[in-house]
Amino acid sequence: MASKGNVAAVLHGIDDLRIEEHPVSPPCKGEVQIAMHAVGICGSDVHYLKHMRIGDFIVNEPMVLGHESSGVVAEVGEGVTHLKVGDRVAIEPGVPCRTCPFCKEGRYNLCEEMKFCATPPFHGSLCQCYNHAADFCYKLPDHVSFEEGALLEPLSVAVHACRRAGITVGDNVLVCGAGPIGLVNLLTAKACGASKIAITDLDEGRLAKAKELGADYTIKVESRDGKEVANKILEQLGTAADKTIECTGAESSIHTGIYATKSGGVLVIVGMGKSEINLPIVNALVREVDIRGIFRYVNCYPTALAMVASGTVNVKPLVTHHFKLEESRKAFETSASGEGGAIKVMIHCDQ
């Protein structure tokens, strides 16, 4: 069958995002074709727009952006039985090989053959029609909105981070950074039973949003001295953090995370900044602070969906701005600048 027309937001170069036709073919075996509805803008999307690369992932040819998404199944490929035309679905954007040792042991996020939306050389889902592996599409209950479905992607990052940290009932938790990922980690840590949560940021508006979402303590970062900020946190929290989730990737903030975590505690680094940084590693070693990384998420979408569907986590307040697909350039400008207190900018592809 011949491919058909499909309007998409295509990245051609630095600050060169074009709304243009992008071909889409019928779904292959094991795939569904999705009429896209909601696509959230992630910091990685903005980074590609501004730099055309993230680490070793380099955009060498035009690429459709977007990976936080949901829509309606419009066509079903051969062999797909658990989804039908008309089903509303959230899309887990990474599709692994399913056969390598990492996939077989349940850590498919580490698969070296991962095909991830809007990560070169694979196109994303900021378009009208998009084909995706059916087993990485999750049917949404009627009461869960398309926007909530799109937000399962960043929420899954938080689920993975909190699992890696081992956050449980009664923990004192520190979240470094009150951007979208920091805020979903705040929500998830509360859902895991954390008793007290402190959160840091440079921006008072984001700290106010964190307070609205349930943070017990908000700390404005006014120094690049990680130990100084940590002392401020310890003073407010009244104790060192049992578990810390670092969401900025900034070297000074990682220092803060180490100093503010109790001896024997855990620091999970979510934010990705420079490829090489200096750390007060001896401080962490002699106090047995475990430093763990995460990469995306694994087996987290069902949990994230259950949290939203049950009302355990409310992600709706994170969405601050709405745009049509044809307004994607303005949407990205808003997300990049933080204009109007932007936290999560949502693009609606069905309008």
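In strand S14, the bridge partner of Val173 is Ile197. That contact belongs to a predicted model, in which local features need pLDDT of at least 70, side-chain atom pairs count only at pLDDT 80 or more, and totals for chains, interfaces and linings use all residues. Residues are numbered from 1 along each chain as its sequence is written, and side-chain values use heavy atoms, with hydrogens and water left out.

Strands here are DSSP runs of E with at least two residues, helices are runs of H or I with at least four, and both are numbered from the N terminus. S13 and S14 (residues 196-201) pair in the parallel sense over five bridges. Pairing requires that DSSP finds at least two bridges between two strands. Right-handed means that, with the strands pointing away from the viewer, the path from the first strand over the helix to the second runs clockwise.

S13 has another partner. It pairs with strand S16 (residues 241-246), also in the parallel sense, over four bridges. There, Leu174 stands opposite Thr244.

How is S13 placed in the fold? Buried means under 20% relative accessible area, exposed over 50%, and partly exposed in between, with a 1.4 Å probe and protein chains only. Both faces are covered: Asn172, Leu174 and Cys176 lie on one side, Val173 and Val175 on the other.

Now move to strand S20, residues 344-348. Five of its five residues are buried, so S20 too is largely enclosed by the rest of the structure. Lys344, Met346 and His348 point one way, while Val345 and Ile347 point the other way. Strand S3 (residues 31-40) runs antiparallel to S20 and is joined to it by three bridges. Ala38 stands opposite His348 in that pairing. Strand S19 (residues 319-324) runs parallel to S20, with five bridges. Val319 has Lys344 as its bridge partner. From S19 the chain crosses through helix H11 (residues 328-337) to S20, and this β-α-β crossover is right-handed.

Next come the spaces. On a 1 Å grid over the protein atoms alone, a cavity is a set of points where a 1.4 Å probe fits but cannot get out; a pocket is an open set with protein on both sides within 12 Å along at least five of seven lines; lining residues have an atom within 4 Å of a point. Grid points are joined across faces, edges and corners, and a volume is the space filled by probe spheres set on the points.

The second largest pocket has a volume of about 570 Å³. It is lined by 27 residues, and the closest to its centre are Glu31, Phe122, His123, Tyr130 and Asn131. Strands S10 (115-116) and S11 (129-133) each supply at least two lining residues. S11 gives the most, with five. The lining divides into 14 nonpolar, eight polar and five charged residues. Ala, Val, Leu, Ile, Met, Phe, Trp, Tyr, Cys and Pro count as nonpolar, Asp, Glu, Lys and Arg as charged, and the others, Gly among them, as polar.

The structure holds one cavity of 30 Å³ or more. About 40 Å³ of space lies in the largest cavity. Its lining includes Glu92, Tyr108, Phe116 and Arg296.
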